[in-house]
Every structure is written in structure tokens, then in C-alpha cells.
Amino acid sequence: MDAILIRQAPAPLRGTVHISGAKNAALPVLCATLLTDGASRLRNVPKLRDIDTTAALLRFLGRDVVVDAPEIRVAEGTCARPEAPYELVKQMRASVMVLGPLLARYGRAKVSLPGGCAIGARPIDQHLKGLEAMGAVIRLERGYVVAEGPNGGGRLRGAEVLFDLPTVTGTENLMMAAALAKGRTTLINCAREPEVEELGRVLNKAGAKVDGAGTDVIHVEGVPPGELGPFDHAIIPDRIEAGTYMIAAAAVQGSDVLIEGAEIHDLDTVVAKMRHAGVQIESEGRAIRVARNGPLSAVPVTTAPHPGFPTDMQAQFLVLMCLARGESMITETVFENRFMHVPELQRMGAQIVLRGNTAVVDGVKALYGASVMATDLRASASLVIAGLVAVDETEVRRVYHIDRGYERIEEKLRGIGARIERVKGRS
Ligand code: UD1
């Protein structure tokens, strides 16, 4: 297994980082190809392990998939078995998003219960409740969700679905199921993330009738199966990747980095909190300039569904607060078990006390390099950022988590002056 070695940045970080397409937008869009006929083309797709896993899953489901990064072409094939096996689904929780499209298109689906990052229980009850409201008959059998359309595999019916809490992939799964259902579906208390909005745009390009994606109420007027056609679409930039490089720049005193190809409005709360902490951030067209010259101040953060502070930026922001003057409270409200980076950061000298779902962070003058273990995708990124400022060498192990969500992270960081390299074969 590879590891990443990082030495303290010898000088402020300077230069330009180009942001890749959004993983969390590309994954549902790839699943949406299951609804369509013909050959679709996706552009600006990031080169990541989660994308390869989804491509493998689509191939298993009979699609003809050509990955030619940053482009992916998906042509229709015959779906011999609307079945997503454990070996593929366990690698990535987002695979559950094939459930809605398969059920809508083929009247039946068998999908393994998901795996993915171990950040809490992460049930899929809201996905299943919504599909049942549309007439699906669902049972859980030996670790699989086995679902059938109404009357033994018929077409799903439009329905009113109220989510008990906003769920990103749950909203996406239901939007895709509703696209081919009979009649009108109203989804209430939806996730409002930019990636949900993006899926709505793509479904409409394919001929679906989706209204309100990106707001908390989405209406979908179903069209008959066979009426959704191919699409050609360039994926939006990855706001979490952009936010991660913004924090990396802010962590190293004196840095001045241009984050190119990012949409600042998708990061409004992160930008506000970073400015509050003393980081200079300017929008320059489709780029964001991040500079830090003075000391960092402690600011409190509470994660929340979009447009609140993203849980996917919590670990990285926490590292920034480890270096700030004073005490900050970082509260995680989206996932119950998302502080696995804390013990690793403590080993690097961070002063953090966990009180329930709040991390109380007391800023320190310096972090110290150590051998640390990546436990989930964003936690891994936070350890890499800590390594950039830590005295001595930091070794981040189990970097396969990073490869799920960050394209060429070491190359991009080297491009702005970081001393970072990948070493092969350390467990
Ligand atoms: C998506 C993102 C992930 C991000 C998360 C929250 C993708 C591929 N992944 O994950 O990067 O961290 O949104 O912004 O887009 N919940 C239930 N029942 C359900 C579904 C969810 O209780 O049926 C709970 C979860 O346990 C969690 C909360 O709802 O506490 C939000 O989860 P959700 O938005 O579903 O996260 P994902 O879609 O898995």
C-alpha cells in the first residue's frame, strides 16, 4: 500500500492549482446513464478510484464504458442482470445510486448494501422509503436490497416523498427513479448541494422534466422509459477539492495561491469562515486567490447540509484551527463519527479535546511530523495539510482513501512548492 511523505514546506506555497471535475457530481451523472438510451459523453471527469469503481459497476450492468480521462463515454448495452454485487458496492457507498435508475428502467434491482468511508452508520432508509412510496416492493436479503416495481416489476408511480432529513445521494437516487416513473413526483426537504443541482441539469439534458433541483422541493414529471436520450456534459469543478487547497494555502504562513477553475459561490460558508480566521480570499473570474500573511484567529464552525459549512471540509478546517490563536469549537452535526483524524493530529502535537460531537481545539505554535494513518477520504487530506506545516517529516499511510477523491494530490501540491512524494508499498 502506498504512503505519502511530506516535509515541512520550505517556503510559502506559491503558484496555481487547477481544480478537477467534482467526484460527487460525476458519480450520480454516471449512474444516470442507466436511464438513457444511446451513447453519452461526460467531460471534465476526475481521474479517481471512485470513478473507476463506478465504471466497473456500469460495465457489470452491461454498459459499454470507455474511460479516457478526463472524458468518459458510456454506450447503452443490454442489462442482463440489474444487480450490483457486494465486491463492487463495498468499495464505495455511492454505488447505491444505481438502485433508483435500475428499478425505474428494468422494474427490478438487486443492490448490495453499501460500504464506503467509515464515518458513521450512514443508513439508506430514506432512499428505500422514497422508492416504496413510488410503489416499489423492497426486501433485505443476505446483505442485499432486493427491489421490484409495483405488481411484480411494473413501472414506478409518481408520489410525494418527504425526506426526514436532507440526504444528498438519497435525493439523487429518488430524482433518477422519478425521471422514468408514471406521473409527477414531489420530493420535499431535499439536499440542496450543487451536485444535486448538477444532476437535475443533466437529467433535463437527457429529456427528463426536473424542476427545482438545488432547492428543498423538487418536482419531477416522469417520462416513459425509452424517452431519455444521450447527453454530452462537462462536470462542474470539485468544490471540496478547491476548499482543500484553499486550506492548504492558508495553513502555510506567507502563501499566495491561485485556485483555478473553481466556483467561489459554492464555497460561500467556507470562504466566510476562512476570512474570519484572517485569510485573504479574492475571487478572480473562475479562480480564487488565497493568501495568508498575518496570524490565524480561532473561529467556531458547525457543519450542516448545504448551504451550511460542508462536513467534507470539517477535517481540513480543524487543522487550520490547530494553528490559530485561541480556542475554537468545531461541531459535527452531519455524521456522528467523523473525528477519526483527531487522534492522529494529537500525535502530531495538536491540542484537541473531544466533547461529544464537538472538538475543542486549542491552537499551538507548531505541529510535529509523525507516522499517521489515513482513516477516511477527507481525514486523509487533513493529515496531508498538517504535514505541510509540521516540523520534520510526516508519513501518511493508507493513502488509498486519498486516491478515492483527490486527483494527483502530491503532484498538485508539489506544483505550488510543497515537498511531498508518494512511496510505494508501505502498509
Ligand atoms: C454525500 C457525499 C459525501 C458527503 C455527504 C454529506 C456523495 C457521493 N457523497 O454522502 O461526500 O459527506 O453527502 O454532505 O455525494 N442518512 C440517513 N438515512 C438515509 C440517508 C442518509 O439517516 O437514508 C443520514 C446520514 O447517516 C447522515 C446524513 O443523513 O447523517 C447525511 O447523509 P447523506 O447526505 O445521505 O450523505 P451521502 O449522500 O452518503
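Between which two strands is the loop where Arg142 is found? Select Arg142 in this predicted model: the loop runs between β8 (137-141) and β9 (144-148). Phi of Arg142 is near 50 degrees, which is a positive value in a residue other than glycine. With a relative accessible area of 82%, Arg142 is exposed, because the cut-off for that class is over 50%.

Next, select Asn189. This residue is found in the loop between β11 (184-188) and α8. Asn189 also has a positive phi, near 65 degrees, and is not a glycine. Its relative accessible area is 26%, so Asn189 counts as partly exposed. As background for these two stops, most residues other than glycine have a negative phi, and most peptide bonds are trans.

Select Ala69 and Pro70 and look at the bond that joins them: the peptide bond is cis, with omega near 5 degrees. Pro70 has its place in the loop between β4 (64-68) and β5 (71-75). Then go to His306 and Pro307, which are also joined by a cis peptide bond. Here omega is about 10 degrees. The loop that holds Pro307 lies between β18 (301-302) and α11 (314-322).

Stay in this part of the chain and select Phe309 and Phe317. How many aromatic pairs does a search of the whole structure find? The search finds one. It is formed by Phe309 and Phe317, with ring centres 5.4 Å apart and 70 degrees between the planes. The pair is edge-to-face, because planes over 60 degrees apart fall in that class.

Select Phe60 and Arg81: Arg81 lies over the face of Phe60, at 3.9 Å from the ring centre. Then select Lys110 and Tyr144. The charged end of Lys110 sits over the ring of Tyr144, at 4.9 Å from the ring's centre.

Now show helix α7 (residues 168-179) together with helix α8 (residues 194-205). Two packed helices are described by the angle between their axes and the distance between the axes. For α7 and α8, the axes come within 10 Å and cross at roughly 15 degrees. The two helices are therefore roughly parallel to each other, since angles under 35 degrees count as such. Their crossing is right-handed. To see the contact, display the side chains of Val168, Thr171, Glu172, Met175 and Met176 on α7. On α8, the residues that make the contact are Glu195, Val196, Leu199, Gly200 and Leu203.

From Thr171, go to the last stop, Ser371. How far apart are the C-alpha atoms of Ser371 and Thr171? They are separated by 39 Å, and the two residues are 200 residues apart along the chain. Ser371 lies in strand β22 (residues 371-373). Ser371 is partly exposed, with a relative accessible area of 28%. Which residues is Ser371 in contact with, leaving aside its neighbours within four places in sequence? Select Arg347, Glu395 and Arg397 to display these contacts of Ser371.

Notes:
Residues are numbered from 1 along each chain as its sequence is written. This is a predicted model: local features need pLDDT of at least 70, side-chain atom pairs count only at pLDDT 80 or more; totals for chains, interfaces and linings use all residues. Side-chain values use heavy atoms; hydrogens and water are left out. Rings of Phe, Tyr and Trp (its six-membered ring) pair if their centres lie within 6.5 Å; planes under 30 degrees apart count as stacked, over 60 as edge-to-face and the rest as tilted. A charge sits over a ring if NZ of Lys or CZ of Arg is within 6 Å of the ring centre and within 35 degrees of the ring normal. Axes are lines fitted to C-alpha atoms, for helices over the stretch in contact, and angles run from 0 to 180 degrees between N-to-C directions. Helices (H or I, at least four residues) and strands (E, at least two) are DSSP runs, numbered from the N terminus. Angles under 35 degrees count as roughly parallel, over 145 as roughly antiparallel, 65 to 115 as roughly perpendicular and the rest as oblique. A crossing is left-handed if the near helix is turned anticlockwise from the far one by less than a right angle, and right-handed if clockwise. Contact means heavy atoms within 4.5 Å. Buried means under 20% relative accessible area, exposed over 50%, partly exposed in between (1.4 Å probe, protein chains only).
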